[in-house]
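Here's a quick briefing to read alongside the model. Have the sequence and the 3D view open, and let's go through it topic by topic.

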Amino acid sequence: MPTMMDMTGQVALVTGAGGGLGGASAVRIAELGADVALLDVSAEALAGTAEKVRAMGRKVLELPLDLTDRAQCAAAVAKTVAEFGRIDALCNIAGVLRCGRSEDIAEADWDIVMKVNLEAPFFLSRAAVPHMIEKGGAIVNVCSTAAFKAQGFFSAYCASKAGLLHLTKTMAVEYIKTPIRINAVAPGGMDTALAGEAHPAFALDPEVVGRLGNPRGMCVIDDVADMVAYLASPASRSMQGSCVVVDTGEIVW
Ligand SMILES: NC(=O)c1ccc[n+]([C@@H]2O[C@H](COP(=O)([O-])OP(=O)(O)OC[C@H]3O[C@@H](n4cnc5c(N)ncnc54)[C@H](O)[C@@H]3O)[C@@H](O)[C@H]2O)c1
């Protein structure tokens with residue numbers, strides 16, 4: 001029996017594709033047979049992922065764009081459809097973390113977290129929806145355990161991820177009469193560049209940050225990427241408005 005995780009002939013747009021989870025997810029999705037549009041603000045990081053995907057024989061479109069700009073969000077979807085003629089999956093993986101005391105956090109830091117983590121998934125999704133509304137498609141939003149768990153000194157990040165989780169559920173309801181599936185993944189800690197941005201919070205007061213991590217350690221990035229790919233693929237056809245937690249037990253610990 002053919003696996004439902006087969007994405008042969010499909011096209012996925014993956015944001016944050018130059019990063020840890022975005023890069024691993026793009027590779028996994030390409031392994032399932034899809035051609036991919038890879039978006040990241042870092043053209044250099046993007047090129048590394050693109051090389052891996054091309055080596056697998058898949059087609060790649062590199063989109064070195066800045067998701068803080070709404071026009072570039074819409075342009076990313078338009079360029080993907082212009083290149084490949086379709087878009088079957090949108091994986092909103094790009095993210096940024098800024099932390100600090102709420103009274104000190106710079107307005108620019110608050111803005112960038114909200115724009116990249118919350119607004120960009122919305123503006124990318126609404127640009128993708130018209131291309132998915134008849135033949136179907138999947139939107140996968142990468143939240144975080146921070147969507148569920150309050151962490152001191154992470155006000156912008158936690159709020160953005162809780163917002164993204166509720167955006168996922170709200171859009172899942174809105175499009176429930178269409179063949180578009182909208183789901184989320186909430187990873188626990190992963191060893192990526194983003195995780196390094198958390199250090200200033202621990203320097204302020206680890207007790208106030210709260211308990212992050214657990215005795216099992218960090219998540220294996222490829223395991224989280226597998227979940228992203230599952231939700232992007234037709235195998236997740238029975239899922240709508242779900243958030244799958246992949247966190248080595250961080251929330252229950
Ligand atoms: N690492 C963790 O511990 C952890 C835990 C839970 C959730 N997450 C989430 O996983 C996702 C992926 O993060 P990661 O851990 O792979 O980090 P990462 O830093 O390796 O990757 C993030 C990528 O997003 C890109 N990006 C940032 N700003 C951008 C912008 N304005 N426009 C376009 N691209 C931009 C970066 O260039 C980078 O390549 C994020 O949404 C993050 O919040 C990470």
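**A buried loop residue, and what surrounds it**

T145 has a relative accessible area of 2%, so it counts as buried. The residue sits in the loop that runs between β5 (137–142) and α5. Keep in mind that this is a predicted model.

**Around T145 and Y157**

- Setting aside neighbours within four places in sequence, T145 is in contact with A186, P187, G188, D247, E250 and I251.
- Y157 belongs to helix α5, which covers residues 155–174.
- With a relative accessibility of 9%, Y157 falls under the 20% cut-off, so Y157 goes down as buried too.
- Not counting residues up to four places away in sequence, Y157 touches V96, L97, V113, N117, S144, A146 and L194.
- One of those contacts, N117, is 40 residues from Y157 along the chain, with 7.9 Å between the two C-alpha atoms.

**The chain as a whole**

- You'll find 9 helices and 7 strands in the chain.
- A compact globule of 253 residues would have a radius of gyration near 18 Å, and the chain's 17 Å agrees with that.
- Along the principal axes, the C-alpha atoms fill a box of roughly 50 × 40 × 40 Å.
- Buried residues account for 50% of the 253 in the chain.
- Take the contacts between residues at least 6 apart in sequence: 77% of them join residues at least 24 apart.
- The accessible surface is about 11400 Å², and carbon and sulfur atoms hold 54% of it.
- On the charge side, there are 21 positive and 28 negative charges, and their mean positions lie 7 Å apart.

**The nonpolar cores**

- The largest nonpolar core has 41 residues, and L13, L63 and L124 are the ones that touch the most other members.
- At least two residues of this core come from each of β1 (11–15), β2 (35–39), β3 (60–63), α3 (70–84), α4 (107–132), α5 and β6 (180–187).
- Helix α4 gives the largest share of this core, with 9 residues.
- Apart from this core lies another one of 36 residues, including L21, L38, V142 and V224.
- Back to L13: leaving out residues up to four places away in sequence, its contacts include A37, L39, L63, A76, V77 and T80.
- Also touching L13 are I87, A89, L90, C91 and L124.

- L204 is in helix α7, residues 199–204.
- Its relative accessible area is 35%, so L204 is partly exposed.
- Beyond the residues up to four places away in sequence, L204 touches G100, R101 and F153.
- L204 and R126 are 78 residues apart in sequence, and their C-alpha atoms are 39 Å apart in space.
- I221 is in helix α9, which spans residues 221–232.
- At 21% relative accessible area, I221 is partly exposed; buried would need a value under 20%.
- Once neighbours within four places in sequence are left aside, I221 is in contact with G20, L21, A24, M190, D191 and T192.
- I221 and G23 are 198 residues apart in sequence, but 9.8 Å apart in space, C-alpha to C-alpha.

How values were computed
Residues numbered from 1 in each chain as written. Predicted model: local features only at pLDDT ≥ 70, side-chain atom pairs only at ≥ 80, totals over all residues. Heavy atoms only, no water. Helix = DSSP H or I, 4+ residues; strand = E, 2+ residues; numbered from the N terminus. Rg over C-alpha atoms; globule rule 2.2 N^0.38 Å. Buried < 20%, exposed > 50% of the residue type's maximum accessible area, 1.4 Å probe, protein only. Contact = heavy atoms within 4.5 Å. Areas by Shrake-Rupley, 256 points an atom, 1.4 Å probe, with all protein chains shown as cover. Lys, Arg positive; Asp, Glu negative; His and termini not counted. Charge placed at Lys NZ, Arg CZ, Asp CG, Glu CD. Core = buried A, V, L, I, M, F, W, Y, C linked by side-chain atoms within 4.5 Å.
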